[in-house]
Amino acid sequence: MNEILWDNDEKIFSQLTENSNKMYIKYLYEDYAGQSSELTAILQYTYQSIVVDNNKVKNLLKKISIDEMGHLEGLGTAIWDSGFDPRFWYMNYFNAKYVSYERDLEKILLKNIEDETFAAKRYREQAQNINDPKIKYMLLKFAKDEERHAMLFEKAYNKLFGRSV
């Protein structure tokens with residue numbers, strides 16, 4: 001079983017980067033449960049699917065949220081397989097204030113496009129700095145998914161508001 005002491009989370013977190021073979025763990029925790037993480041995206045899209053009136057956008061949000069759940073599981077499994085506890089934290093435990101509680105449909109779609117574009121870029125940059133082929137492959141796959149999500153949100157925006165982003 002993976003064992004790690006959690007008496008002092010900040011001390012443990014700083015030790016993650018001291019082991020050069022496991023430096024990528026910091027990236028995985030950030031992607032897993034940081035401010036701009038898969039967990040944030042899942043909760044944000046769930047909130048949005050509840051408050052948005054447009055059924056097509058509701059369904060899109062739900063479908064993309066399911067993809068994000070797969071990413072969350074992949075990251076958590078990679079953290080666990082690397083010998084660390086997949087708790088929902090990055091420097092601090094996850095906080096729901098990371099979620100955007102916007103209710104205006106146009107602003108929601110623009111925010112989601114921005115977030116998905118950022119996530120794709122971040123995954124690609126992280127993959128360049130990781131030597132582990134399995135982790136690199138996973139991050140590059142996630143980057144493609146995030147690019148597709150951004151494109152789907154852009155299509156919805158263009159159709160609803162009659163202009164491109």
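This is a predicted model: local features need pLDDT of at least 70, side-chain atom pairs count only at pLDDT 80 or more; totals for chains, interfaces and linings use all residues.
Student: Is Gln48 buried or exposed?

Tutor: A residue counts as buried when its relative accessible area is under 20%. For Gln48 the relative accessibility is 0%. Gln48 is therefore classed as buried.

Student: Which residues does Gln48 touch, not counting residues up to four places away in sequence?

Tutor: Contact here requires heavy atoms within 4.5 Å. With residues up to four places away in sequence left out, Gln48 touches Leu61, Ile108 and Asn112.

Student: What pattern does the protein follow when read along the sequence?

Tutor: The secondary structure comes to 6 helices and 2 strands. Read along the sequence, these elements give the pattern α-α-α-α-β-β-α-α.

Student: What share of the contacts with a separation of 6 or more comes from residues 24 or more positions apart?

Tutor: The protein has 165 residues, and buried residues make up 42% of them. Among contacts with a separation of 6 or more, those between residues 24 or more positions apart account for 72%.

Student: At what angle do helix H2 and H4 pack?

Tutor: Helix H2 covers residues 24-33, and helix H4 covers residues 55-81. The axes of H2 and H4 are 9 Å apart. H2 passes H4 in a left-handed crossing. The packing angle of H2 and H4 is about 145°.

Student: How many nonpolar residues does the contact of H2 with H4 have?

Tutor: From H2, the residues Leu28, Tyr29, Asp31 and Tyr32 take part, and they meet Leu72, Leu75, Gly76, Ala78 and Ile79 in H4. By class, this contact has 1 charged and 1 polar residue. The number of nonpolar residues is 7.

Student: How many salt bridges does the count come to?

Tutor: A salt bridge calls for a side-chain nitrogen of Lys or Arg within 4 Å of a carboxyl oxygen of Asp or Glu. One of the pairs that form a salt bridge is Arg148 with Asp67, whose closest N and O atoms are 2.8 Å apart. By this rule, the count of salt bridges comes to 9.

Student: How many residues apart are Arg148 and Asp67?

Tutor: Arg148 lies in helix H6, which runs over residues 133-161, and Asp67 lies in helix H4. The pair thus links distant parts of the chain.

Student: Where do Lys141 and Asp145 lie?

Tutor: Lys141 forms a salt bridge with Asp145, and their closest N and O atoms are 3.0 Å apart. The two residues are 4 residues apart, about one turn of the helix. Both lie in helix H6.

Student: Does Asp145 count as buried or exposed?

Tutor: The cut-off for buried is under 20% relative accessible area. Lys141, at 41% relative accessibility, counts as partly exposed. Asp145 has a relative accessibility of 12%, so Asp145 counts as buried.

Student: Which residues are linked in a network of salt bridges?

Tutor: Arg148 forms a salt bridge with Asp67, and Lys141 forms one with Asp145. Arg148 is partly exposed at 35% relative accessibility, and Asp67 is partly exposed at 25%. The residues linked in the network are Asp67, Lys141, Asp145 and Arg148.

Student: Why does the pair of Glu106 and Arg163 tie together parts that are 57 residues apart in sequence?

Tutor: Glu106 forms a salt bridge with Arg163. Because Glu106 lies in helix H5 (residues 105-128) and Arg163 in the segment after H6, the pair joins parts whose separation in sequence is 57 residues.

Student: With which side chain does the side chain of Arg163 make a polar contact?

Tutor: Arg163 touches Glu106, Tyr157 and Asn158, not counting residues up to four places away in sequence. Arg163 is partly exposed at 40% relative accessibility, and Glu106 is partly exposed with a relative accessible area of 24%. The polar contact, at 2.3 Å, is with the side chain of Glu106.

Student: What distance separates the C-alpha atoms of Thr117 and Ala150?

Tutor: Thr117 has its place in helix H5, and at 43% relative accessibility Thr117 counts as partly exposed. Thr117 and Ala150 are 33 residues apart along the chain. Their C-alpha atoms are separated by 6.0 Å.

Key: Residues are numbered from 1 along each chain as its sequence is written. Side-chain values use heavy atoms; hydrogens and water are left out. Buried means under 20% relative accessible area, exposed over 50%, partly exposed in between (1.4 Å probe, protein chains only). Axes are lines fitted to C-alpha atoms, for helices over the stretch in contact, and angles run from 0 to 180 degrees between N-to-C directions. A crossing is left-handed if the near helix is turned anticlockwise from the far one by less than a right angle, and right-handed if clockwise. Ala, Val, Leu, Ile, Met, Phe, Trp, Tyr, Cys and Pro count as nonpolar, Asp, Glu, Lys and Arg as charged, and the others, Gly among them, as polar. A polar contact is a pair of N or O atoms within 3.5 Å; within protein, one must be able to donate a hydrogen and the other to accept it, and residues adjacent in sequence count only if both atoms are side-chain atoms.
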